[in-house]
Amino acid sequence: MQGLRSFLARQVVTAVPYLWLLVFFLAPFLIVLKISLSETAIAMPPYTPVFEGLKDLLEKAKQLSFDNYLWLTEDALYIKAYLSSLRIALVSTLITLIVGYPLAYAMARAPDGLRPVLLMAVILPFWTSFLIRVYAWIGILKPEGLLNQALIGLGLISEPLQIINTDWAVYIGIVYSYLPFMVLPLYASLERLDLRLIEAAMDLGATPLKAFWRITVPLSVPGIVAGSLLVFIPAVGEFVIPDLLGGSDTLMIGRTLWVEFFYNRDWPVASAVAILLLILLVVPIVIFQKMQEKAAR
Amino acid sequence: MAKTLGPVRRSFQPWNDPSEPAYIELRDVTKRFGDFTAVDRQSLVIYEREFFALLGPSGCGKTTLLRMLAGFEEPSEGEMLLQGRPLTGVPPHKRPVNMMFQSYALFPHMSVADNIAFGLKQEGMAKADIAQRVAQMLRLVKLEPFAGRKPAQLSGGQQQRVALARALAKRPKVLLLDEPLGALDKKLREETQFELADLQESLGLTFVIVTHDQEEAMTMADRIAVMDHGRIIQVATPAEIYEAPATRYIADFVGDVNIFEGQAERLEEGKLRIATTAGFAVETVVNGPSLPANGDTVWFAVRPEKMVISHDRPAGASSGPAPNMVEGEVWDIGYLGDVSIYNVKLACGDIVRATRLNAAREVERPITWDDRVWLSWRPDSGVLLAG
Ligand SMILES: Nc1ncnc2c1ncn2[C@@H]1O[C@H](COP(=O)(O)OP(=O)(O)O)[C@@H](O)[C@H]1O
Ligand SMILES: [Mg+2]
């Protein structure tokens, strides 16, 4: 009896996260998938449902339309938007890593008493709305903004730099917004690192720099991977930052999605874009995880 | 020289040879962490090919001393020399010294072979030579089948041997070992003690080992420095440390001991009589200049195995108070198989410990609980202690 009850309790506990995923991920995903396989209609909702119940499932299955996906391959705009998104996300992730690693390293090596303060400082920006912080960057980066004024004031440049409405502004926006997601996992893995390993490496003749490359970096790979994924994945689908800071030629899939949904009201194509984006992100992650598992063994 | 205290490697006593140059030398070395003095103005000489042990309780500054030799800490004051050359300012990666860390500090992301090869790669050794040296080290520590494993897949004893192989691979002039056997179980520790000592002798290296285990230090070392609170109290061979400890602290820290306090009274030519507070008298021979004056408070130590325990009053003066013997009652017995330990309660309430070898399987009149027994010792069995 006792055993049965604890067994049931365990089942319930493990079921919770699955239930969560089912309700908030799988169900919406299936709905979007369904829409992506239907045809556009000027109606409310602006699509024709493919099947209503199980009884005409087979019959309706014939009607499933892959046209939307074909359409995505035919119009170069979508492919360009995908590639451009991946490029922008990749470059931003790399810059975030380059900026975040020294930060996390310095935090992990800071005196014990100082660490909670530094940790707080990293999290602090979250207390202000994301949107407001991105808007603030417009004020900083625009031609007559703070940055250009400062550079001209220092005599470094004579003409204002055109940063806003370029990819650079998007990089700056993404790096700034997602830096904490990079720093926190990096900090966690660097802080755990046994300093005696570094001493052992130096004892065996490694210069401090060599010890860093051969010991610190490899042992912080889990942090690098976690941080990079946490930055890369949302950056690929980012909409607000390219919309507010990017130029008209900054092509990102999040924006394309928005245009399809709300401007063209083409829900099926927009859904197809979303599904492809998901596949594009999930497949590399799964491959990467498999590689990690193999390396760990 | 008439008598020696215990065994020594007969051909190896560089510390008795005034012409032997120092290999490692510490001159008035002090290390402070803030206000705390971890090592307090200590000087020390270690000779080439010596197996030298730093022995002391936890927190006495042994690791700090070792870390200064490795270069992880710089002395706050004083100087350290290796083969006459100052080590001050030489960073760890440039010192011809390797360290085996207390918890091994093996690189978890590298295989056993890569761990061993790490130091050789830093030297820029040719690939083929590295492979050869790694194979040789693996053979030395008997880990050939485990070359491809990660440290986490090894037992504690195997990890210890990887750490040893890694530290030895570069053929350092000096190997520093910080509690190298601390994480092993008793049986493995004892085996490894002898292996380490053999290895040190056959490779002809200088070993400096840190331990809080007196048995470990005694088994392996040529000489031992006993430390307490950042100071080296005595540097001597294991036998000298045991048989002629310099202070009560050392007598107590190294092995079991009975210590009696008393008033000194000088007798003829180097003989001393001590009236102990426990109510019996000690007569002993003292040589050297440090003969105490009449009426001085002194301490006298006798090891339990040098106490003779018997039912009958030992021969000597047949009646009246005789020196170097005392009567008591058996309070407790510990049977350890090879020896038995007898705790004997004296009239004054003090407990004195004696051990006896269980040489015979059967004894006619075994000493047992509550028996009245005599404890006695020879005049040269005990040692007079300074403070
Ligand atoms: N980096 C340090 N900062 C402050 N105190 C230290 C440091 N390293 C060691 N100590 C102190 O120095 C004393 C000696 O330490 P240690 O040499 O590790 O002792 P042992 O190895 O003999 O156990 C200890 O009291 C320890 O707390
Ligand atoms: Mg220690």
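Colleague: Before we start, how are helices and strands defined here?

Modeller: Helices (H or I, at least four residues) and strands (E, at least two) are DSSP runs, numbered from the N terminus. This is a predicted model, where local features need pLDDT of at least 70, side-chain atom pairs count only at pLDDT 80 or more, and totals for chains, interfaces and linings use all residues. Residues are numbered from 1 along each chain as its sequence is written, chains are lettered from A and ligands numbered from 1 in the order in which they are written, and side-chain values use heavy atoms, with hydrogens and water left out.

Colleague: OK, where does B:M325 sit?

Modeller: B:M325 is in strand β16 of chain B, residues 325-335.

Colleague: Is B:M325 buried or exposed?

Modeller: Buried, at a relative accessible area of 7%. Buried means under 20% relative accessible area, exposed over 50%, and partly exposed in between (1.4 Å probe, protein chains only).

Colleague: And what does B:M325 touch?

Modeller: Leaving out residues up to four places away in sequence, B:M325 touches B:F280, B:R313, B:P314, B:A315, B:W374, B:L375, B:S376 and B:W377. Contact means heavy atoms within 4.5 Å. B:M307 is 18 residues from B:M325 in sequence, and their C-alpha atoms are 9.2 Å apart.

Colleague: What about B:I250, which element holds that one?

Modeller: Helix α8 of chain B, residues 248-253. B:I250 is buried, with a relative accessible area of 0%. Not counting residues up to four places away in sequence, B:I250 touches B:V226, B:I233, B:Q234, B:I241 and B:P245.

Colleague: Switching to cores. How many residues has the largest nonpolar core?

Modeller: 47, and A:L72, A:Y101, A:I174, A:L186, A:I241, A:L245 and A:V273 have the most contacts inside it. Among the elements that give two or more residues to this core are α4 (76-109) and α14 (267-296) of chain A, while α8(A) gives the most, with 11 residues. Apart from it lies another core, of 45 residues, among them B:L199, B:L205, B:I250 and B:V254. A nonpolar core is a set of buried Ala, Val, Leu, Ile, Met, Phe, Trp, Tyr and Cys residues joined through side-chain atoms within 4.5 Å.

Colleague: What is chain A built from?

Modeller: Chain A has 14 helices and two strands. Of its 297 residues, 37% count as buried. Its C-alpha trace spans about 75 × 75 × 35 Å along the principal axes.

Colleague: Last one: which strands does β1(B) pair with?

Modeller: β1(B), residues 24-33, pairs antiparallel with β4(B), residues 77-82, over five bridges, and B:R27 stands opposite B:E79 there. Seven bridges join β1(B) to β2(B), residues 36-46, also antiparallel, with B:V39 as the bridge partner of B:K31. Two strands pair if DSSP finds at least two bridges between them.

Colleague: Which residue has a positive phi in that hairpin?

Modeller: B:G34, near 65 degrees, in the hairpin of β1(B) and β2(B), with two residues between the strands.
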